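Let's walk through this protein together, one question at a time. Have the view open as you read.

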Amino acid sequence: MRECTKCKSNEYTNKNLVMMVNECGHPLCKNCVENLFVRNAGPCHVCGKTLRKNNFWEQVFDDPLIEKETHIRRRLRKIYNLKKDDFPSLREFNDYLERFECLVCNLAFGIDVEDTEAEIAAFKEANAELIEKNKKRLDEDQIWIMQNLKEDRDMKTRVDQAHSQESKEVERSAVKDTKAIMEELRESNVPAEVILDRERKRQIEQELEEKEEAARRKKRNKEILQDRKRMAESMSFSTSQRVSGRAFEYKAPRLHINGPPLPVKEELETKGYLQHIRAASLARVAGGFTTHTGCLRALFDSRIDLLSF
């Protein structure tokens, strides 16, 4: 649950809470940002680092450390953008990637920050020309993504053109068939019922052929998607892995409560526990979160550490 480190407001007490984060990684709610940074700049209330109001962004991840690390990676990627072919050997490229992770770790956890920033500045100065050149280059994964996106666009264009062509042909065929039937009814000596029955049979056969063709086209598209999925799994950035072994079996954790037992759900209403709990909104109820859930969670938190020392 997100909580402001300054005013201690959280999502439970304020359903409209908006959390903001700056480069230091200490979250603040939007109201505290407006109050503390009226002059557009000020120190962080936790670490004392000078921050600017316009550098705050809305928090995405629940863990502020992940938010900070993501910001650091985004900043360093603009400097450490060297490609594999910029190194004489694979070992040196792997060492470069490993050093990048070390720099991210140092900045995220505040380890030798000054030395780390000095190393980053030295690297940027020493490789300024190569960094500027690589800003317009794509690596293998990015090229593969661009190619697949282009193939998807081309396929969509071909499918749209084919559907448009088919619809035009169907319209022309319908107009032509209608004229032919009218001519035959006017000039032929065959009874009209025979001509119309024959036309209905032909239309039924045509509809069956169209359904079969649609099924074959759907099967081909499915095979293409499966082939692309296999290609995606074989790329370096794929995270899907097959793990063999015994299936996972969930076991509920045993939590020891120090104090009186928790009341059951029925007792929450009869004993007045819910009088001090804000009613759950329709959106939270739709997600499975009820007023009883919040009440039981608060009661559990009050007992889990009771008399534990």
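**Where domain 2 meets domain 3**

Q: How many residues of domain 2 are in contact with domain 3?
A: This is a predicted model, and the protein is divided into four parts, with domain 2 covering 139-187 and domain 3 covering 191-233. Their C-alpha centres lie 14 Å apart. On the domain 3 side, 11 residues take part, and on the domain 2 side the number is 12.

Q: What area do domain 2 and domain 3 bury between them, and how many salt bridges are counted there?
A: The buried area is about 1000 Å², with 53% of it on carbon and sulfur atoms. The side of domain 2 that touches domain 3 has five nonpolar, two polar and five charged residues.

Q: Why is the pair of Tyr80 and Phe123 classed as it is?
A: The structure holds eight aromatic pairs, and Tyr80 with Phe123 is one of them. Tyr80 sits in the loop between α2 (64-77) and α3 (90-109) and Phe123 in helix α4 (residues 113-126), so the pair ties together parts 43 residues apart in sequence. Planes under 30 degrees apart are needed for the class. Because the ring centres are 4.1 Å apart and the planes are at 5 degrees, the pair is stacked.

Q: Which residue meets Arg75 in a salt bridge?
A: Side chains of opposite charge can pair when their charged atoms come close. A search of the whole structure finds 14 salt bridges. Arg75 lies in helix α2 and its partner in helix α4, 42 residues apart. At 3.2 Å, N to O, the partner is Glu117.

Key
Residues numbered from 1 in each chain as written. Predicted model: local features only at pLDDT ≥ 70, side-chain atom pairs only at ≥ 80, totals over all residues. Heavy atoms only, no water. Domains from an automatic or database assignment. Contact = heavy atoms within 4.5 Å. Buried area = accessible area lost by both parts, 1.4 Å probe. Nonpolar A, V, L, I, M, F, W, Y, C, P; charged D, E, K, R; others polar. Phe/Tyr/Trp six-rings, centres within 6.5 Å; stacked < 30°, edge-to-face > 60°. Helix = DSSP H or I, 4+ residues; strand = E, 2+ residues; numbered from the N terminus. Salt bridge = Lys/Arg side-chain N within 4 Å of Asp/Glu carboxyl O.
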